[in-house]
Amino acid sequence: MRFRIDLNSDLGESFGAYSIGMDEKIIPLISSANVACGFHASDPLVMAKTIALAKAAGIQIGAHPGFPDLQGFGRRNLSLSLEEAKAYTLYQISALAGMCKAQGVKLRHVKAHGALYNMAAADFALSKAICEAAAAFDSGLIILGLSGSETIRAANACGLKAAQEVFADRGYEENGTLVARNKDGAFIHDENEAVSRVVRIIKEGLVKSVNGVDIPLKADSVCVHGDGVQALLFVEKIRAAFSEEGIEIWGL
């Protein structure tokens with residue numbers, strides 16, 4: 001059986017004089033980059049630089065819209081109306097897509113960030129607002145969302161292609177959601193464990209939850225967070241394991 005998977009990372013999250021992540025080292029090793037759009041992180045110079053790095057590496061570029069929350073890095077739950085959520089998402093997609101166009105590349109996908117991503121995963125109406133923004137801009141955009149989530153269901157409802165995402169460095173609850181960052185088991189720190197979990201998800205469609213129960217997951221794309229201290233090591237180990245396991249890396 002042939003296995004193919006997208007390998008993505010959330011990048012372009014530096015801001016002004018503050019540097020986050022190892023984008024220049026990670027970008028050549030992945031197939032898709034989710035680029036911050038200025039709300040939770042990034043700025044115009046960082047966005048332009050990240051697009052240029054991705055273009056040079058020949059990888060896919062996606063918009064990574066988040067809550068307007070620079071201080072909280074977009075990881076604090078905010079209360080927005082659906083109209084606001086749609087407008088904020090469209091604004092961020094438009095900004096990144098315009099900068100992509102200026103460099104002669106096309107925006108390929110949209111993946112919400114942080115708290116917006118997690119809230120949307122459990123909220124069909126919020127997911128639909130995000131998907132409607134993407135569809136209004138370009139009906140050919142792919143929605144990258146948590147495997148089995150309301151985001152995937154909303155993308156299908158809006159006539160958009162959906163890619164189901166799993167995480168190499170995060171723990172799962174029994175219902176398929178990610179373990180909250182402030183709880184034990186939220187992060188996978190051992191790179192060998194992360195690799196074995198990802199390979200099993202791809203080949204068997206299963207992952208062990210934080211409570212030790214096997215849960216089903218479908219994987220079209222694997223994410224490694226670009227701001228993690230072990231991000232580069234995780235990506236290198238995952239690529240090596242995929243090569244050994246006969247798993248082909250390809251873009252969305």
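This is a predicted model: local features need pLDDT of at least 70, side-chain atom pairs count only at pLDDT 80 or more; totals for chains, interfaces and linings use all residues.
Local features need pLDDT of at least 70 and side-chain atom pairs count only at pLDDT 80 or more, while totals for chains, interfaces and linings use all residues. Residues are numbered from 1 along each chain as its sequence is written, and side-chain values use heavy atoms, with hydrogens and water left out.

Q: How many salt bridges does a search of the whole structure find?
A: A salt bridge here is a side-chain nitrogen of Lys or Arg within 4 Å of a carboxyl oxygen of Asp or Glu. Searching the whole structure on that basis, the count is 16.

Q: Which residue meets arginine 2 in a salt bridge, N to O?
A: Arginine 2 sits in the segment before strand 1 (3-11), and its partner is 246 residues apart from it, in strand 10 (residues 247-249). Strands are DSSP runs of E, at least two residues, and helices are runs of H or I, at least four, both numbered from the N terminus. The N to O distance is 2.9 Å, and the partner is glutamate 248.

Q: Is arginine 2 buried or exposed?
A: Buried means under 20% relative accessible area, exposed over 50%, and partly exposed in between (1.4 Å probe, protein chains only). Arginine 2 has 60% relative accessibility, so it counts as exposed.

Q: Which residues are linked with Arg200 in a network of salt bridges?
A: Let's take the pairs one by one. Glutamate 204 bridges to arginine 200 with the closest N and O atoms 3.1 Å apart, and both lie in helix 7 (residues 191-204), four residues apart, about one turn of the helix. Aspartate 214 also meets arginine 200 in a salt bridge, at 2.8 Å, N to O. The residues networked with Arg200 are Glu204, Lys208 and Asp214.

Q: At what angle do the axes of helix 3 and helix 5 cross?
A: Axes are lines fitted to C-alpha atoms, for helices over the stretch in contact, and angles run from 0 to 180 degrees between N-to-C directions. The axes of helix 3 (residues 82-102) and helix 5 (residues 124-137) come within 8 Å, crossing at roughly 35°.

Q: How many nonpolar residues does the contact of helix 3 with helix 5 have?
A: Ala, Val, Leu, Ile, Met, Phe, Trp, Tyr, Cys and Pro count as nonpolar, Asp, Glu, Lys and Arg as charged, and the others, Gly among them, as polar. Besides two polar and two charged residues, the nonpolar count is 12.
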